[in-house]
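Hi,

Here is the model I promised to pass on, with notes below on what turned up in it. Could you keep it open while you read?

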Amino acid sequence: LCRGGLAERLCRLQNRERSAISFWRHQCISDAKTASDKSGVLIVKILEMFEECTIQVAICQQLEQSPAMLSSEDVVINAGEPILKVLFARETAAHLKSRPQDVIHIYPPWQKLLLRNADVPVIMHTYFSQKVLLSEHSETREKTYGLTKMLIRKNITSLAQTFSLDDLDDELLQESSDNQVACAPQIHNNCDSKQHPLARSAVNDSLLEMVESQGAVGWREAQVRVIIQRVYCLPAREGYRSHVQGNKPLSAIPIINSDPPNVRLCLLVQDAYGMFSEVQLQSLTFTDDIEQYCRRWEGKFCCLAGMKILQRTTRGRALGLFSLIDSLWPPVVPVKVAGQSQASEMMTTNLPPPSFCYILTAQSGEIHVEVDEEEQISNLYQPPAVHGLKEILQINGCNERCSFWAQVLYLRLQTKHSVPINQREILLFVTDSTLQNVVHMIPKVVAVSVAASCVLSTEITEALSVASRLIFFKDVLWGNGRIICVERTVLLLQKPLLYSAAGADLSELTGPVRLDELDSTTQANSVCAVKGTVVGVNESTAFSWPTCDRCGNGKLELCPQDRGLLYCNQCSEVVISPVLKMQLEVFLSCPSRSQSTVKVKVWHEISFGILSIVRLDIYEVQSVLGKVFLLLNCYVHSVTSFFYCVALEEIVLL
């Protein structure tokens with residue numbers, strides 16, 4: 001706050017006001033002791049209550065006095081006593097916890113406002129108020145009612161109606177909800193919305209107005225209509241566990257960790273004014289995979305109810321969330337502007353991007369989301385813009401969200417021993433037709449880093465463990481020369497029904513996949529093809545192990561009956577002709593890196609076939625020296641420019 005400014009002065013005034021109220025309440029010895037004889041005390045009995053614009057409005061009857069030994073039900077109401085409309089601030093209402101038939105003492109300095117076109121006076125500045133418990137019967141009633149939370153009717157007043165703007169013909173209030181599907185958050189069959197509790201409440205189209213009118217506690221009898229822009233899963237953090245059910249869990253630590261983690265289904269929604277909000281649903285059943293939710297929900301209207309605010313986050317605190325929001329901004333169609341007529345020229349897409357976002361969560365035990373799956377795709381929906389990998393590598397930006405369709409050739413778990421296994425990244429090496437057709441300057445295969453926070457479905461992990469697959473990468477993060485799958489990134493096996501190709505070449509690969517050959521531009525943590533001749537062998541690191549010639553089991557044991565033979569537990573038979581597999585570190589002479597020492601770790605049976613030592617119990621170094629590798633697929637561990645050394649490891653592509 002600017003020193004000496006109006007905001008700072010207001011803040012000090014509010015602090016002094018809160019201190020005065022707290023001090024006054026501390027002075028009240030007990031609720032049973034009243035000081036109604038004090039001059040200026042207004043005594044009222046509550047007849048009706050409702051909430052409007054976060055202010056609790058109580059329709060009250062003014063009492064001349066409050067008999068000390070009578071309960072509030074026994075107080076005689078005189079028809080001639082004046083009716084008052086008493087306004088309580090949210091903090092005061094939470095302190096009083098008042099109900100109809102309660103007697104309230106309002107101490108000075110309260111103020112009476114006489115409206116020109118209304119007969120009922122309005123009582124304001126009711127911070128110094130005290131609820132009076134007049135008898136044991138009333139105390140019993142208080143204890144009984146205290147066990148249940150009172151539901152207060154909330155009147156939602158549109159700002160457009162308040163300022164008489166010309167947008168009262170909004171179709172959102174007239175549309176029927178007969179075709180809506182109740183989801184909490186599972187996908188159910190169609191239900192009769194006329195009997196649905198949400199179908200009876202008013203529908204709003206502004207997230208901000210809903211938050212301001214309903215508050216952070218929860219939306220009970222109101223709902224807001226929004227468009228679902230994205231559907232994804234987030235790992236559940238400590239302290240906010242989702243209830244994972246079903247027999248098809250999502251795997252947050254793919255390939256390695258088989259324990260199903262806690263994940264929750266999330267929706268990124270946008271209202272008619274362009275404001276975004278992330279809805280984190282508490283439970284997720286995996287009868288349908290995330291792919292089902294994306295296909296059925298994205299682009300559809302939904303109504304939110306029973307929400308509470310988990311957090312109000314800003315751009316500086318949630319870069320990942322706002323990078324996704326920025327990829328959806330500006331809107332594809334003009335949005336409403338608060339305080340402007342809908343016929344105004346201000347209703348354009350020339351608006352600054354959102355600077356804050358509310359994280360909403362569903363209250364347990366309530367119906368949270370209604371998705372109208374039978375409705376047409378909204379014009380406000382922005383499907384992922386699909387680019388070719390060549391185009392993505394040429395984007396001059398940082399933290400840009402992009403989507404692409406690529407063939408996964410090889411996957412590798414990062415082996416940083418200081419990092420726990422469940423927090424290690426996975427490298428997926430991918431390519432597409434735009435890279436395979438490139439001649440120079442652009443790699444034919446690129447690495448996609450999958451962070452541990454990126455939730456992968458079991459369908460994806462199982463598919464990649466079997467063979468090379470075409471994967472749709474939606475909303476990945478591109479920046480600083482890296483493609484990263486982070487939170488809110490979704491990997492799918494099928495193309496989405498709606499996507500924008502933006503002129504990119506999305507044709508599938510037809511011929512064999514080519515890797516970049518090892519040269520002076522090869523970097524660490526990449527894959528390449530090596531041509532060279534074996535000029536040396538590191539005998540100190542060479543080792544071999546026998547495997548079963550039938551199943552390939554590498555953990556053979558000595559046969560119990562004959563200690564001279566090997567036994568395979570998987571086949572339950574004696575291995576007569578074991579296959580010897582070996583690992584060697586060989587040094588190559590490569591024309592493309594003539595000044596460097598190229599060390600390659602070769603192993604697995606396919607390499608031994610090249611070296612002709614698959615079934616030998618011993619080997620001669622001379623039989624290896626001089627052998628030529630025509631095109632050996634390798635992973636680059638390190639490239640040291642100081643010692644001119646390149647460390648490679650032979651790999652097998654999917």
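**Salt bridges and who takes part**

In this predicted model, Asp-326 is partly exposed, with a relative accessible area of 30%. (Buried is under 20% relative accessible area, exposed over 50%, and partly exposed in between, using a 1.4 Å probe and protein chains only.) Its salt-bridge partner is Arg-315, and the closest N and O atoms of the two are 2.6 Å apart. For a salt bridge, a side-chain nitrogen of Lys or Arg must lie within 4 Å of a carboxyl oxygen of Asp or Glu. Because Asp-326 sits in helix H7 (residues 319-327) and Arg-315 in the loop between strand S17 (307-314) and H7, the pair ties together parts that are 11 residues apart in sequence. Helices (H or I, at least four residues) and strands (E, at least two) are DSSP runs, numbered from the N terminus. Arg-315 also counts as partly exposed, at 27% relative accessibility.

Before going further, some housekeeping. Residues are numbered from 1 along each chain as its sequence is written, and side-chain values use heavy atoms, with hydrogens and water left out. As the model is predicted, local features need pLDDT of at least 70 and side-chain atom pairs count only at pLDDT 80 or more, while totals for chains, interfaces and linings use all residues.

The whole structure holds 11 salt bridges. Another one of them joins Arg-412 to Glu-649, with 2.8 Å between the closest N and O atoms. This pair connects distant parts of the chain, 237 residues apart: Arg-412 is in strand S20 (residues 400-413) and Glu-649 in strand S34 (residues 645-650). Arg-412 is buried at 14% relative accessible area, and Glu-649 is buried at 9%.

Arg-488 and Glu-487 also meet through their side chains, at 3.7 Å from N to O. Arg-488 is buried, with a relative accessible area of 10%, and Glu-487 is buried with 18%. Shared partners join Glu-278, Glu-487 and Arg-488 into one network of salt bridges.

**Pocket and cavities**

Your grid tools may draw the lines elsewhere, so here is the rule: on a 1 Å grid over the protein atoms alone, a cavity is a set of points where a 1.4 Å probe fits but cannot get out, a pocket is an open set with protein on both sides within 12 Å along at least five of seven lines, and lining residues have an atom within 4 Å of a point. Grid points are joined across faces, edges and corners, and a volume is the space filled by probe spheres set on the points.

The largest pocket holds about 1200 Å³ of space. Its lining has 38 residues, and Pro-443, Val-445, Asp-516, Thr-521 and Ser-526 lie nearest the centre. Strand S22 (446-450) is among the strands that supply at least two lining residues, and S22 gives the most, with 4. Domain 3 (389-492) and domain 4 (526-650) each contribute at least three residues to this lining; the domain bounds come from an automatic or database domain assignment. By class, the lining has 21 nonpolar, 10 polar and 7 charged residues. (Ala, Val, Leu, Ile, Met, Phe, Trp, Tyr, Cys and Pro count as nonpolar, Asp, Glu, Lys and Arg as charged, and the others, Gly among them, as polar.)

There are 3 cavities of 30 Å³ or more. The cavity lies between domain 2 (203-236 + 263-332 + 354-383) and domain 3 (389-492), because both give residues to its lining.

In helix H6 (residues 290-297), the buried residues include Ile-290, Glu-291, Tyr-293, Cys-294 and Trp-297. Seen down the axis of H6, the buried residues fall within an arc of 165°, so they line one face of the helix; the arc is that of the directions from the helix axis to the C-beta atoms. Just after H6, Gly-299 takes a positive phi of about 85°.

Two cis peptide bonds to check: Pro-108 to Pro-109, with omega about 10°, and Trp-329 to Pro-330, with omega near 0°. Asp-475, in strand S23 (residues 470-479), has a positive phi of about 60° although it is not a glycine. At 5% relative accessibility, Asp-475 counts as buried.

Best wishes
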